[in-house]
Amino acid sequence: MKSLLKYALLFFTLNLLLSSCTANDEHFDFNEKSLVGIWHKTYIDDNENQTTKFEYHFKNDHNYEVLGTVLDATSQELLGYWTRETGSYSLTGDQLLFHNIKSYFNNDQTRSYTEFENLELQQSDFNYSRSVTIEFNDFMRKLVFIYPPCGPNESCVGSLTLEKSTVN
């Protein structure tokens with residue numbers, strides 16, 4: 001009987017431990033402090049020996065900046081910028097709202113990147129805003145943007161997963 005009781009207790013303890021570590025625990029409460037910092041996504045183009053990197057900088061003052069950079073894939077040396085976006089943000093539940101968006105792009109037709117100061121402002125309506133659903137995964141190390149579905153002839157992104165940078 002003691003053996004049966006030990007196994008029952010062991011089974012109960014293991015079940016409790018395993019059930020408390022489910023995938024649902026990887027999702028966390030949404031708050032603006034969780035967003036603050038640098039989040040990035042990197043794409044490697046082996047054909048061009050280049051790395052394209054998106055960096056989202058969420059600041060304590062509710063402003064943000066997105067930088068699209070091109071790096072040498074081998075040395076990781078910064079070659080230039082191909083996009084920049086600035087504005088402010090707010091978070092309500094799992095909805096991240098970007099306000100007062102200013103978008104800058106590289107208009108150089110000869111290469112995919114340029115110097116930072118040569119990026120050109122594209123968005124003339126500074127009241128432009130957009131929202132995206134977010135979730136945190138992997139114990140706050142990943143931020144996922146979940147975009148709404150789009151029409152049959154539209155080019156859309158389903159989601160974008162960014163990793164928290166260790167250096168802020």
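Two strands pair if DSSP finds at least two bridges between them. Helices (H or I, at least four residues) and strands (E, at least two) are themselves DSSP runs, numbered from the N terminus. With these terms, the hairpin of β7 and β8 can be described: four residues lie between the strands, and D138 takes a positive phi near 55°.

The model is a predicted one, so local features need pLDDT of at least 70, side-chain atom pairs count only at pLDDT 80 or more, and totals for chains, interfaces and linings use all residues. Residues are numbered from 1 along each chain as its sequence is written, and side-chain values use heavy atoms, with hydrogens and water left out.

Start with the confidence. The score is pLDDT, the predictor's confidence in each residue, from 0 to 100. Its mean over the protein is 82, and 79% of the residues reach 70 or more. Among the elements, helix α1 (residues 2–19) has the lowest mean, 38, while β3 has the highest, 97. Over residues 1–27 the pLDDT is below 50. Beyond near neighbours in sequence, this stretch has nine contacts in the model. Contact here means heavy atoms within 4.5 Å.

Now the overall plan. The protein has two helices and nine strands. Along the sequence they follow the pattern α-α-β-β-β-β-β-β-β-β-β. Of the contacts with a separation of 6 or more, 45% are between residues 24 or more positions apart. The accessible surface comes to about 11,200 Å², and 53% of this belongs to carbon and sulfur atoms. Such areas come from the Shrake-Rupley method with a 1.4 Å probe; for residues, only the protein chains shown count as cover. Of the 168 residues, 30% count as buried. Buried means under 20% relative accessible area, exposed over 50%, and partly exposed in between (1.4 Å probe, protein chains only).

Next, the strand pairing. Strand β5 (residues 95–105) and strand β7 (residues 130–137) run antiparallel, joined by four bridges. Here F98 stands opposite R130 in β7. Strand β7 also pairs with strand β8 (residues 142–146), again in the antiparallel sense, over five bridges. In that pairing, F136 stands opposite L143 in β8.

The largest one has 19 residues. Those with the most contacts inside it are L35, F58, L96, F98, I134, L143 and F145. The elements that give two or more residues to this core are β2 (50–58), β3 (63–72), β4, β5, β7, β8 and β9 (159–164). In soluble globular proteins, nonpolar side chains tend to be buried together. Take L96 as one member. Leaving aside neighbours within four places in sequence, its contacts include L35, F58, Y89, V132, I134 and F145.

Aromatic rings come next. Rings of Phe, Tyr and Trp (its six-membered ring) pair if their centres lie within 6.5 Å; planes under 30 degrees apart count as stacked, over 60 as edge-to-face and the rest as tilted. The structure holds twelve such pairs. W39 and F136 form a tilted one, 6.0 Å centre to centre with 45° between the planes. This pair links distant parts of the chain: W39 is in strand β1 (residues 37–45) and F136 in strand β7, 97 residues apart. W39 is buried, with a relative accessible area of 0%. F136 also counts as buried, at 0%. F98 and F145 form an edge-to-face pair, 6.3 Å centre to centre with 70° between the planes. F98 lies in strand β5 and F145 in strand β8, so the pair ties together parts that are 47 residues apart in sequence. Both F98 and F145 are buried. They also belong to one aromatic cluster with Y56, F58, Y64, Y89 and Y147.

T51 lies in strand β2. Is T51 buried or exposed? T51 is buried, with a relative accessible area of 2%. Its contacts beyond four places in sequence include T42, I44, V70 and L71. T92, in strand β4 (residues 78–92), is exposed at 60%. T92 and N31 are 61 residues apart in sequence but 8.2 Å apart in space, C-alpha to C-alpha. S159 lies in strand β9 and counts as partly exposed, at 42% relative accessibility. Beyond four places in sequence, S159 is in contact with V144, F145, I146 and Y147.

Terms used
A nonpolar core is a set of buried Ala, Val, Leu, Ile, Met, Phe, Trp, Tyr and Cys residues joined through side-chain atoms within 4.5 Å.
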